[in-house]
Amino acid sequence: MTCAAQDAEPTLRLPTVARPIRYSADLRMIPGVDSFKGSIRIELEISKPVRTVWLHAKSLHIDGATFHLEGRDLQARAAPGANDLLAIATERPLPKGHAALEIAYTGEISRTLTDGAFAQHQGDDWYIFTKFEPITARRVFPCFDEPSFKVPWQLTLRVPKDLKAFSNTAVVAEHPGPGGMKAVSFAETKPLPSYLVAFAVGPFDVVETAAVGRNRRPSRIVVPRGRAAEAAYAASVTPKLIDMLEDYFGAPYPYEKLDQIVVPLTTAWGAMENAGLIAYGDFLLSPKEQDSELRRRVRVGAMEHEMSHQWFGDLVTTAWWNDIWLNEAFASWLSTKLLNEWKPEWNLKADAARSLSVMRADSLATARKIRQPIEAPGDIGNAFDGITYGKGEAVIGMFENYMGADMFRRGIRLYLERHAWGNATSADLFAALDSVSGQQIGAAFSTFLDQVGFPVVKVKLDCLETISGQPPGRRAGFVQVEQQRFLPVGSPGDPHATWQTPVCISWGDEGGTRRQCKLLAKPNDSFGLEGAQACPTWFFADSGAAGYYAISYDEANRELVRAGLPHLKPEESAAALRNVQLMFWAGNGDAGQELAYVSSFSRSSDPGLVRQSAVTIDGLSDFVTPRIEPNYARLISSLYGARARELGWRPRPDESQEIRLLRMEIVPLAATYGEDRELRSQAVSLAREWLKSRQSLEPDLVEPVLSAAAWGGDRAFFDLLVNQIEQDKVQRERSWMIGALESFRDPAITRARLDLILGGGIDPRELQRTLFGAPPYAREIVWQFVQRNFDRLNSLLPSARGVPFGALLPLTASGFCDAARREQLEHFFEPRMSALPGGALNLANASERIRLCGARAEAVGPAIAGFLAKQ
């Protein structure tokens, strides 16, 4: 490689001729001041002579750069390049060997963004926080801002003397400085990529927890001033959460301390796994009187997710962003698994089996792959989506179910042992799984990583007279399976894809309940039921509810599945219902029969299945015209009205969590689309009472009650809510009220609500979520608003993960169903998305959703209309 080739500007990834081996940074950070001064020393290993060292830097002004070589210094010049690149060049080539690069610079502290270094105001105090994943460390340090450059870091922060400073490691020295400042030096870190470096400065309160892990590491919750009492629950569960992870990984917590810090307002992220300094949004905190079991469940889920990253992501880090699923999917899967074992009453596995959202997104032709090639900077931000997290989690669960939990865990432990303190790829994980299993697990796993979508497995069970190993005349089961790509009606996707799919089945015969798994590696296969003593009396083709596939049964087998419902685990029953819901959503099969089947679960004794069925009935609103609205209301009332009125808005002390979740689903549905005047009247009274006291409702019901009250609310009630939001200083209370603003159906109020984003007394970052997922009655108004104000929205609202806010705006129109809107969408956004990283994918995705919705309306619309006409 010539010097000239090395000096050429990179197109995406940095050259590796010069690699960092250590960083030392010194930063002057003053909360409330919008700029900072910094210097950084980067120890380099240079493999070949080179004139230009390429780094990343964004919104930094370089004041000077010097290379230190053995016995001499070389002054360098800095020049910005495209895509946040920074060239540090010298007149003569740097020789092979060791060098040190020192850079002095200034940077910005944003009051709008919630990544890079950003400032937030709470009470009378200013704070500085950081969040660098995936590519915003470059806003604070000129650095090699890619995950494969994983080396030790040492930070010194110069901060006002009365403030506290925190980073990934413990403070090792603190010295007074001029001008009321002090220098706080932190211990050198273990090897870290730039995106896991973190710090914070402000007048924090600190809550110590019990020491964590087998090595008894110190642990603290760091909160804004005056909020220590709200951290009590998080502090109490922290040691247990670490214990569960150490037990699973068979390895101690890998860092010298565990701090968890609370950021008052986050956008586009909820938590961040910085090594030794995990960051969370405001949800980590709650006063006891505003806490609930559901809020604790959400809180603990996020905590265990981020803590699991300390091993899976921090100790072993993905080598490049195409493998970010190794971090995120594993953290999602493991946190659910461990918490389900610890708190079975939370029914986390059953709730995971109910979810349709990931499979619906993955069925699109424009969906991402889990392991999507990164070809442009915008692809990095887009990798942090439901496919990476949700599909990745589901596929991991499927292969654990196939391999067996113990064998799978041995593979995970081997992977961590081999790659501790370094980087790894999917191939490294698969090598470990293959090693412990003696099978080609990685090859099968890759079929779900490297292609879009998932299979629909057609299953046919026959009872034959002659089965190998069975006595003559004995009837036993023989299964025929066929797979092809699952596609919604109207999809342009190719149906002829093939996966290596672990199909696990359960059945019952006179010998009891049995289970068997088969790796379906061909389009067609067949096998006998091992150990079957008779023709099964029931049958289910997703044993353990772990299959990431849809199932198509013929009519005879559907009867066997129905017969098996009493024998299934809660998560398997949820998966069986989800399968029918998925078919109905996609427009596949007999929509009338599917709708009747889903509706029948409104009478289930399992509250989880009742609320699962209600999700589909709620979703029918997209296809309800004004003429049949009374029929739709009667349907909801007939299915859920009596139970909703029995439950009411106020929980009883002895209720289970499942009943409380059911109330949150069906009581608002009955009060709004079900037109239950009594429930809606009660909601109005309860809402006004809560707005006065803030204490009269269970926390989980505040937003549902406010939303039901807003459903028929007038401008006076809207103005009251807006006034309360502007005055309220408690972020979670503001969030509840902002959620309710979306339920007003008066078009003039919807316009007034959208105008609040552009100016008023509410932080527009808190309102940005109201642009997405608009209900039918507000969809057109939102679409017109976005077109009129695209440029203002793109500049006003913060980017996230390197993706501008405007790149997300095509998704605001994805709920439409007609070709005219699709043409408008493409005409408006195509010239705008080309300049916004990540935008082209979102536009293609929104356009496909509209096209498929139109095809689905044609396919299932008549069946929906016919079903409602009977009400």
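These notebook entries record what I looked up in a predicted model.

**Entry 1. Salt bridges across the chain**

I began with the charged side chains, for which the count comes to 53 salt bridges. I then took single pairs in turn.

Asp-84 and Arg-138 form one of them, with their closest N and O atoms 3.2 Å apart. I looked up where the two partners sit: Asp-84 is in the loop between strand E5 (72-80) and strand E6 (85-94), and Arg-138 is in the loop between strand E9 (125-131) and strand E10 (153-160), so the bridge ties together parts that are 54 residues apart in sequence. I noted a relative accessible area of 5% for Arg-138, which is therefore buried, the limit being under 20%.

The next pair was Lys-337 with Glu-400, a salt bridge of 2.8 Å from N to O. This pair links distant parts of the chain, since Lys-337 belongs to helix H4 (residues 325-342) and Glu-400 to helix H8 (residues 386-403), 63 residues apart. I checked both for burial: Lys-337 has a relative accessible area of 18% and is buried, and Glu-400 counts as buried at 11%.

I next examined Arg-354 and Asp-351, whose salt bridge has its closest N and O atoms 2.9 Å apart. Both residues lie in helix H5 (residues 348-354), and because they are 3 residues apart there, about one helical turn separates them. Arg-354 counts as buried at 10% relative accessibility, and Asp-351 likewise counts as buried at 16%.

I also found a network of salt bridges that links Asp-291, Glu-293, Arg-295, Arg-296 and Arg-299.

**Entry 2. Helix H3**

I looked up the dimensions of helix H3 (residues 293-309). Its 17 residues reach 24 Å from the first C-alpha to the last, close to the 24 Å expected at 1.5 Å a residue. Of these 17 residues, 13 are buried, so H3 is largely enclosed by the rest of the structure.

I followed strand E2 (residues 35-46) to its partners. It runs antiparallel to strand E1 (residues 18-28), and 10 bridges join the two. Within this pairing I located Pro-20, whose bridge partner in E2 is Leu-44. The hairpin of E1 and E2 has 6 residues between the strands, and Gly-32 takes a positive phi near 95° there.

E2 also runs antiparallel to strand E7 (residues 97-108), to which 12 bridges join it. Here I noted that Phe-36 stands opposite Gly-107 in E7.

**Entry 3. A sheet of three strands**

I traced an open sheet of 3 strands in the order E25-E24-E27, with antiparallel pairing. Its edge strands are strand E25 (512-520) and strand E27 (538-540), each of which pairs on one side only. Neighbouring strands of this sheet are turned by 20° against each other on average, direction ignored. Between strand E24 (residues 501-509) and E25 I recorded 9 bridges. In one of these pairings, Gly-508 has Thr-513 of E25 as its bridge partner.

**Entry 4. Nonpolar cores**

I turned to the nonpolar cores, the largest of which has 193 residues. The residues with the most contacts inside this core are Phe-141, Trp-153, Phe-199, Trp-325, Phe-330, Phe-445 and Phe-539. I looked up the neighbours of Phe-141; leaving aside residues up to four places away in sequence, they include Ala-25, Leu-27, Ile-40, Tyr-105, Trp-153 and Phe-199. A second, separate core has 86 residues, among them Val-610, Leu-647, Leu-669 and Leu-754.

I finished with two single residues. Thr-317 lies in strand E20 (residues 316-318) and counts as buried at 1% relative accessibility. Beyond residues up to four places away in sequence, Thr-317 touches Pro-147, Lys-150, Pro-193, Tyr-195, Leu-196, Gly-422, Asn-423 and Ala-424.

Met-272 is in strand E18 (residues 271-272) and is buried, with a relative accessible area of 0%. With residues up to four places away again left out, its contacts include Lys-131, Glu-133, Tyr-195, Leu-196 and Glu-306.

Methods: Residues are numbered from 1 along each chain as its sequence is written. This is a predicted model: local features need pLDDT of at least 70, side-chain atom pairs count only at pLDDT 80 or more; totals for chains, interfaces and linings use all residues. Side-chain values use heavy atoms; hydrogens and water are left out. A salt bridge is a side-chain nitrogen of Lys or Arg within 4 Å of a carboxyl oxygen of Asp or Glu. Helices (H or I, at least four residues) and strands (E, at least two) are DSSP runs, numbered from the N terminus. Buried means under 20% relative accessible area, exposed over 50%, partly exposed in between (1.4 Å probe, protein chains only). Two strands pair if DSSP finds at least two bridges between them. Axes are lines fitted to C-alpha atoms, for helices over the stretch in contact, and angles run from 0 to 180 degrees between N-to-C directions. The expected span of a helix is 1.5 Å times one less than its number of residues. Contact means heavy atoms within 4.5 Å. A nonpolar core is a set of buried Ala, Val, Leu, Ile, Met, Phe, Trp, Tyr and Cys residues joined through side-chain atoms within 4.5 Å.
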